[in-house]
Amino acid sequence: MGSSQTKPLTPGRKWADVPFQLLETPRKKARTAGDMKTAKEETGAFAAASEMVLIHNMIIRGLNSIYVQAPNIKEPKDVQDFFTYMYSWALLVHMHHHNEEEVIFPLLEKAIGVDGYMEKNVDQHKLFGPGLTAFDDYVKAGKAGEIQFDGVKVQTIIDSFASIFIEHLKEEIPTFLALDKYENKIDWPAYNAAVLEKAVKKGDTEFEIPFAIVNQDMTFEGGIHAGTFPDIPLIPMLLFKHWFIPKHLEAWRFAPCTRHGIPQDLPFA
Ligand SMILES: [Fe+2]
């Protein structure tokens, strides 16, 4: 886990699990129900659905950490760094949806031979589009120094799209689980390779991936996903931890986790 020491979270202090609720993985649900699925027993669809939850939870933790800290950020240096943090969140969201629309969904639809199987999910991307654009515009103007930062305004913008956005993140999971009935049609190892290729090799190494890493809680659900997620290979992971993440440490101080995935207090919560 590296040498970084972290204190346990301060009880009663807001963290990145509010106000928007994190999603439960099918993996956790199955184990709670006593249906102890080991990684070997998991179908491809089941594993992919669980992995999608973990990715969505990075996005939700990121949004929460912005939401709870925004009103308390005042100093110009903090504001500037916070804009970088917000920018990185939006970049992760855009890349995630772009990858789904361009690579992941078409790949799955082609494999199962059902055109438009994922269409509902793509339609939902459009529903929160305007809210996300308002967020992007705000961050852009902020980074350019054209506006005075207002944390309450940030919350208002998030409130304008959050419920439909979170609903979408939730509803995508059953769509993946339902792919179970096409298990023999989908080449899941090829799917995983394509996802990894798109997310890591073609991802943004400066802001997007570092943001995702510091929004991944390795202790989530009792740590049952450690070892399977995130599935960034060792060498690139070391590069992120020791080269890319240190480049913008000033922005990652707003993050809910260390670069090793250990939860930490949010400094402005
Ligand atoms: Fe997704």
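The bend at a residue is the angle between two axes, one fitted to the seven residues ending there and the other to the seven starting there. In this predicted model, helix α6 bends by about 50° at alanine 162.

Helix α6 takes in residues 151–177, 27 residues in total. At 1.5 Å a residue the helix should span 39 Å, and the end C-alpha atoms are 38 Å apart, which agrees. The N-terminal end of α6 is capped by aspartate 150, with a side-chain oxygen 3.0 Å from the backbone nitrogen of valine 152.

The UniProt annotation "domain: Hemerythrin-like", from an unreviewed entry, covers residues 51–172. Over residues 51–172 the chain is 84% helix and 0% strand, and the end C-alpha atoms lie 12 Å apart.

An iron ion is coordinated at 1.9 to 2.2 Å by the residues below.

| Residue | Donor atom | Distance range for the site |
|---|---|---|
| His56 | NE2 | 1.9 to 2.2 Å |
| His96 | NE2 | 1.9 to 2.2 Å |
| Glu100 | OE | 1.9 to 2.2 Å |
| Glu172 | OE | 1.9 to 2.2 Å |

Along the chain, the donors of the iron ion follow the spacing H-x39-H-x3-E-x71-E. Histidine 96 and glutamate 100 both belong to helix α3 (residues 76–112), where they are four residues apart, about one turn of the helix. Both histidine 96 and glutamate 100 are buried.

The angles subtended by the four donor atoms around the iron ion run from 79 to 171°, which makes the arrangement square planar. That class requires opposite donors over 155 degrees apart and all other angles between 65 and 115.

Note on methods. Residues numbered from 1 in each chain as written. Predicted model: local features only at pLDDT ≥ 70, side-chain atom pairs only at ≥ 80, totals over all residues. Heavy atoms only, no water. UniProt positions renumbered as here; feature names shortened; annotations may be inferred. Helix = DSSP H or I, 4+ residues; strand = E, 2+ residues; numbered from the N terminus. Donors = N, O, S within 2.8 Å, 3.2 Å for Na, K, Ca; no water. Tetrahedral: all angles 85-135°; square planar, octahedral: opposite > 155°, others 65-115°. Buried < 20%, exposed > 50% of the residue type's maximum accessible area, 1.4 Å probe, protein only. Expected span 1.5 Å × (residues − 1). Polar contact = N/O pair within 3.5 Å; in protein donor to acceptor, adjacent residues only side chain to side chain.
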